[in-house]
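Hello,

Here is the structure we spoke about. Please open it and keep it beside you while you read the notes below.

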Amino acid sequence: MSITLNNISKRFGNFAALKNINLEIPEGELVALLGPSGCGKTTLLRIIAGLEQADRGQVLLNGSDVTDQPVKNRQIGFVFQHYALFRHMTVFDNIAFGLRVKPRKERPSETKIQEKVHALLNLVQLDWLADRFPDQLSGGQRQRIALARALAVEPSVLLLDEPFGALDASVRKDLRLWLRHLHHELNVTSIFVTHDQEEAMEVASQIVVLNHGKIEQKGSPSEIYDSPNNDFVSRFIGHTNVFQLEQGDSAWLAGTGISIDDPKGIIAHVRPHNIQVEKPQDPANAPVYLKDWQHLGAIIRLELHKDGTNGKATTIFAEMPNEQFRELALQKGDRVSLHIKHAHWFN
Ligand SMILES: Nc1ncnc2c1ncn2[C@@H]1O[C@H](COP(=O)(O)OP(=O)(O)OP(=O)(O)O)[C@@H](O)[C@H]1O
């Protein structure tokens, strides 16, 4: 089911939580709502679900206006961060719950329910846990059961609010991949809320970046990363070095290959992987030296310091493959020269 939001606004007292949100989500997308704490992600999700009413605007599902429809008429499944499974029910009964409480006319037979619950348990790869109680599961298993429970009633839209937020890093990473594969299999239009840009990049086909109740940008992970619309998106998605042309950065930047003669703004954002580090021909005149480095798996992050005019050093981060770093054979304190391959310009 496609989702259309037209001019959605929401205030809590004097505080504007959402300001004129317009968004089109085609059927079958897996969309991340990404933004800092308090930017309005959960409020927007709740408005789509019908758990919260917007002050203005419409919610359309497959083109029909559901703004005034209650939750139960919207065919929406939910998974929340602390999704409370029924503690007194087994995993099997938890998943079957939504089917068993359907009106008699729509309720499947007990045999069909058995089949369906086992199919869902297989889908989330936890069939062996059918007879356990929620307290006997790990956090990651609980979230997968919560997802199976949400899917049991065959929702047309799936809404996930920080579904892996409470889990530790390695479980989170596994579940991200798992969610992407699951979505690929089911193709249900899904929106998940996250404040973690890495999670959004890894899982979503489209990312909607929210800030202060407004959409800053919508696009594929690579569009958002490679062509950020503005300063906020650029800083929020991944690491970036920020250089101010008007505050003393223009002189030394001119030697890095960045186009200073024809700047497209006064602030240049440069991703660490867009800085090439080289051994300088004239070390005495190179303004940058290697302070330290960190191993990020296959990549090395170099922490570089640039001498400041008033004695204050600025830190610049560059990244390069391990192998290349070894070949350069740099030591801490070595002077280096920089070549900037690409910058995003802002005003
Ligand atoms: N019921 C409410 N009454 C008053 N203010 C609210 C209410 N619900 C949310 N807000 C405020 O609206 C803003 C948006 O909240 P929301 O929960 O949508 O943010 P979020 O982006 O999901 O944040 P987080 O990542 O921290 O969960 C916040 O400033 C919050 O304090």
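The buried residues of helix H4 are covered by several elements, which include strand E6 (76-80), helix H2 (91-100), helix H3 (110-123), strand E7 (157-161) and helix H5 (169-186). Please keep in mind that this is a predicted model.

How many of the 14 residues of H4 are buried? The count is 11, so the helix is largely enclosed by the rest of the structure. Among the buried ones are Arg142, Arg144 and Arg149, along with Ile145, Leu147 and Leu151.

Just after H4, glutamate 154 has a positive phi of about 50 degrees.

Next, the ligand. Phe12, Ala17, Gly35, Ser37, Gly38, Cys39, Gly40, Lys41, Thr42, Thr43 and His195 surround it. By type, this shell has three nonpolar residues, seven polar and one charged. Which helix gives the most to the shell? Helix H1 (residues 41-49) does, with three residues.

Last, the domains. Four residues of domain 1 are in contact with four residues of domain 2. On the domain 1 side of that contact, one residue is nonpolar, two are polar and one is charged.

Regards

Conventions:
Residues are numbered from 1 along each chain as its sequence is written. This is a predicted model: local features need pLDDT of at least 70, side-chain atom pairs count only at pLDDT 80 or more; totals for chains, interfaces and linings use all residues. A residue is buried if 20 or more other C-beta atoms lie within 10 Å of its own, exposed if 12 or fewer, and partly exposed in between; C-beta atoms are placed from the backbone. Helices (H or I, at least four residues) and strands (E, at least two) are DSSP runs, numbered from the N terminus. Two residues are in contact if their C-beta atoms, placed from the backbone, lie within 7 Å. A residue is near a molecule or strand if its C-beta atom, placed from the backbone, lies within 6 Å of it. Ala, Val, Leu, Ile, Met, Phe, Trp, Tyr, Cys and Pro count as nonpolar, Asp, Glu, Lys and Arg as charged, and the others, Gly among them, as polar.
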